[in-house]
Amino acid sequence: MAEITLDHIGHAYGPAKSRSDYALKELHHVWSDGGAYALLGPSGCGKTTLLNIISGLLTPSEGRVLFDGQDVTHLPPEARNIAQVFQFPVVYDTMTVAENLAFPLKNRGVARPVIAARVERIIAMLGLTAEANKRAASLTADMKQKISLGRGMVREDVAAILFDEPLTVIDPHLKWQLRSQLKTLHREFGHTMVYVTHDQTEALTFADTVVVMYEGEVVQVGTPQDLFERPAHTFVGYFIGSPGMNVLPVALDGAVARLGGEAVALPGRAVAAKGAVTALGVRPEFVVLGDDGLPFTVVRVDDIGREKIVHGTIAGVAVAAILPEGAAVPAMPRASFRAEGINVYADDWRIEVAA
Amino acid sequence: MSAPARPTARRIPLKWLVPTLYILFLMLPIYWLINMSFKTTNEILGGFSPYPKNFTVDSYVEILTNPAWYMGYVNSMIYVVLNTVISVTVALPAAYAFSRYRFMGDKHLFFWLLTNRMAPPAVFVLPFVELYSSMGLFDTYWAVALAHCLFNIPLAVWILEGFMSGVPKEIDETAYIDGYSFPKFFVKIFMPLIASGIGVTAFFCFMFSWVEMLLAKNLTTVAAKPIAAVMTRTASTSGYELGLLAAAGVLTIIPGAIVIYFVRNYIAKGFALGRV
Amino acid sequence: MTKTENNRAWFLVLPVLLLVAMNAILPLMTVVNYSLQESFIAGFWDWVGTRHYQDVLASERFHAALIRQFAFTFIILIIEVPLGVAVALAMPKKGAWASLCLVLMALPLLIPWNVVGAIWNIFALPEIGLLGWGLNALGFDYNYTNQPISAWITVILMDVWHWTSLVVLLAYAGLQSIDEAYYRAAKIDGASRWAVFRYIQLPKMKTVLIIAFLLRFIDSFMIYTEPFVLTGGGPGNATTFLSIDLVKAAVGEFNLGIAAAMSIIYFLMTLLVCWLFFTLMTKDKEGQA
C-alpha cells in the first residue's frame, strides 16, 4: 500500500509543440494511501494514459511518479509492485482457481505454507471456495474477474490495485453485486485502489474521490457531492447527473445575470475576465417551475416514475427541470433557480461568487 | 497505445536474428534459381559463379514467345481459377449448413470430408485417370479442376465454417423476420459479412491447386498440359537446359507472390479461425 | 453457438457431397478392386482375395519403405514444429515488418511442388549449386546424387525449407489471438519468460499447433513430387518413401495389384492417425465448453 504522488506529470505521444499536442496535460496530485479513486471521463479523455503512467506501462514525457516518496517514473510495471484488473478477464486457462491465485506468490519465491494460507483466505474472501479446484477456463466472466482481482490482493505488499473498466463484460445484474463486493474488500484490506471508468454510477458508488477528465485534462477532483453541487467545469456538469446540468449563456452585470431580456439575481457579485464567455450552470434539481421567474416553454415531459423531467426552453435555450413526485406542470410555467444551485462559469470554468 | 520505453529495448536486435536468419535460409535457394535463370547454358555448365557474368534474358524471351512454354502457364491458370470458383461456390452453402444446423450424420460427414483433405493423391492417380477418361474429360481443364476439388472443397468448407461461426445467428433470424428468402439473405446479407473469409478461402484454394502437380500432370497430355508437365518434358527432350528450367521456375513463383501480397493480412487468420 | 436441428440442411451439403464423393469414393473403389485381383494381361483380371495384402505386409521392401517414411516424418516434425514456433515467437507482432516477414515466409508454400524439387536440385548440385559447392568448399564430402547421407540431408533441408513456414503461420495466428493484457498481467504477476510461454502462449497455441502437427504429419506421409524430382528416390532406394515406392510398383513394374494394396494399407494408416487426432481434439473442445 502506498501514497501515490503525481509530480507535475504530463504526456505527449509525439513531440509537443503546443498544449493541444498533449494526450495528458500537466497535473499535480497526491493520492493518499488506502484511498479509493476513480478516473472518470469519456473515451479519449486521457484516463487510460494516466492509468498507464501509474502502472508503468508508459513513461510520462514530463514530471515524476512517486510511490511513498520513492521515484518510480522509469520503473517497468513488474518493478512497481502494483496489481491490475483489466477490461477483459485475464486468467491462466490451464491452471485451477487456486493455482491462479498462487501464481504471483510462487513467481516471487514465497514459501509454500505461506502461499497456501494466503490463497485460502483470499478465495474465501472472494466467495470462490466451491470453485477453488476448478479450471479457471470453465468459469463465468464475473468469476474470472474475481480471480484477476484476487491475483492482486494475494500479494500483501501490493502498492496499489488498478482497475481498467473491469465491469465491461459483466452481466448487468452482476455488476452491482461485484461493485459492492469490491467496496467491502477495499474497506477490509485498505489497498490504494484506482478505478478507471466512463460510467458515472460506477465511479460515484466506488470512489471516495473522483477524478474527472476531459480532453486530456483533469477538470475536477472531488467527492461525489462536490461534483454534484459545485461542478468545477461545465463538462463535469454535463457528464455527471441525469439529465446533466443546464448551461445558459448570460451576460454578467454585478450581482445580476442577463439572459436575453430577462434578469436573474445571483447569490453575490460575479466578475469574469474581460472577453470571457460567461454562463450560468443550474442542475435540473434546482430549477423550480411555478408562477415567478423566467418564461418557460414546455417541449416535452418524461415521466420516469418517481419524478417528472420537464424539457423546455428559456429564451430559446434548452433547459431541463425535475418536478418532485405528484407535482403537476403549471399551465403557463415560469422558471426560477434556487440560490444554492446557481454556479457561474467563465470560459467553461467555475468562478466564485462573492457573497 | 505507444510502445513503452524500457531497458528491454536493447534486446530486440537479438530477437530479430531468428526470423532474419530463417528468411535468409528461405531466400538463398530462390536467389540461386534467379541467378541461374539469367545465365547462359555455357556459363552454367562452366562451373560455379555466385552471380551471372554474362547476364542474359534469353531464357525468359524463349518462354514468353514460345506457345509450347507459355501455354503451360495459361493452362495452369485456367484450371486453378476454375477450381477456385467451383470449390468456393459449393463450399459456401455446405459450410453454412455445418455452422448453423444439426442434422443426421453431420459430425461424421465433416470428418469424412476432412479425411479427403488428407488423402494422398499418389493413391488416386491411376483411378483418377480411368475415371476422367470414362467421363470423356481426360486432357481438359475440367478434369484437373474437378480432381483438385477432392482436397480443396473440404479445405474450403473447413475455413468458411470457421468464419461463419463468428457471425451471430441473430443476424440470420432478423433477416428472415424481415422477409428475406434464404438465397436472397445469403447473397445480399450473409456473404458480405464474411467477405474476408471468402477471400482467405479463395486464396487457399488457389494456392493448393497451383502447387499440386501430380494429378494435373497425369490428367492431361496436350490440350490442357500444365506448366509442370512442360518443364519435365523440356528437361528430357532438350537435354540439360538448366537456364530455361530456372527461368520457368522463377515464373511459377510470381503468381503466388502476387496473390500472397494481397492477402498478407489475412493468411494467418484463415487457419486461426478454422476449426477441426 | 446453439444449432438448430434441421435435416433439410442436407440439401445445402449435397453439392459438396456429390463432388467429393465422385472424386473420393469411385477411385477408392477402383483401387480396392485392383488390390483384390491380379492382372497378367491388360484387361484380364483374376480374383486373388487378400493375397496382395499379405504379400505387401510381409515384404521387406514395404517394411524398408515404411521405416524410411516414419524416420523422415519423425525427423521433419521434430525440426519443423519447434523451429516454426521459435520463428513465430521471435517475429515482429505487427506493422510493416510483420507483413514483410509473412509475405517472404509464405513464398515457399506457393511454389509448385515440382519446382520446389527443381530449385533444390539446382541449389544442391555439387559443382554449380550454392549449397553443394559451398559444402564441398568447406571441406565436406557432399554429393546427394551418390551418397545416401547427403541425399537424406538434402531432402530434409528441402522439406524444412518448404513447409516450416506453414507452422510459422499457424503459430503466428495463435499468438495473434492473445490479448496484450495477458502479457501485462504476467509481468505484474512476476512471471518469467518461460512461464509466459508455458502458461499463456502455449495454451493459446495448442489448437493451431495440433493442426500444424497433423497437417505436417499427413503431408510428409504422402510426400512424392519433391523428392521424386530431387533424387528420384535414390541413390539406390535411400530416399524411396512410401509414395515413391508405390508409383515405382504401379508404373515402373506394372504391378497394379500390389500397388493398390499398398495404397489401401497406407490410406488406412493415415486415416487412423487422423481419426485419433480428431477424437482427441473434439473431446478437448467439449471439455472446455
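Predicted model: local features only at pLDDT ≥ 70, side-chain atom pairs only at ≥ 80, totals over all residues.

Strand β1 (residues 101–102) of chain B and strand β1 (residues 4–5) of chain C run parallel and are joined by two bridges. Within this pairing, B:Arg102 has C:Glu5 in β1(C) as its bridge partner.

## The contact of chain B with chain C

The contact between these two chains draws 78 residues from chain B and 76 residues from chain C. On the side of chain B that touches chain C, helix α1 (residues 12–37) of chain B supplies the largest share, with 13 residues. Sorted by class, that side of chain B consists of 62 nonpolar, nine polar and seven charged residues.

Interfaces can also be described in another way: their size is often given as the accessible area lost when the parts come together.

## Chain B as a whole

The secondary structure of chain B consists of 15 helices and one strand. Chain B has 276 residues, and 46% of them are buried. Among the contacts in chain B with a separation of 6 or more, 79% are between residues 24 or more positions apart.

## Two packed helices in chain B

Two packed helices are described by the angle between their axes and the distance between the axes. In chain B, the axes of helix α11 (residues 195–211) and helix α14 (residues 242–262) come within 11 Å and cross at roughly 165°. Because this angle is over 145 degrees, α11(B) is roughly antiparallel to α14(B). The crossing of α11(B) and α14(B) is left-handed.

Which residues of the two helices meet? From α11(B) come B:Phe203, B:Phe206, B:Met207 and B:Trp210, and they meet B:Pro255, B:Gly256 and B:Val259 in α14(B). The residues of this contact of α11(B) with α14(B) comprise six nonpolar, one polar and no charged.

## A residue in chain A

A:Gln177 lies in helix α5 (residues 172–189) of chain A. Is A:Gln177 buried or exposed? A:Gln177 has 12 other C-beta atoms within 10 Å, and a residue with 12 or fewer counts as exposed, so A:Gln177 is exposed.

A:Gln177 and A:Gly312 are 135 residues apart along the chain, and a distance of 37 Å separates their C-alpha atoms.

Definitions and conventions:
Residues numbered from 1 in each chain as written. Chains lettered and ligands numbered in written order. Contact = placed C-beta atoms within 7 Å. Helix = DSSP H or I, 4+ residues; strand = E, 2+ residues; numbered from the N terminus. Nonpolar A, V, L, I, M, F, W, Y, C, P; charged D, E, K, R; others polar. Pairing = 2+ DSSP bridges. Buried ≥ 20, exposed ≤ 12 C-beta atoms within 10 Å, placed from the backbone. Axes fitted to C-alpha atoms, helices over the stretch in contact; angles between N-to-C directions. Parallel < 35°, antiparallel > 145°, perpendicular 65-115°, else oblique. Left-handed = near helix turned anticlockwise from the far one by under 90°.
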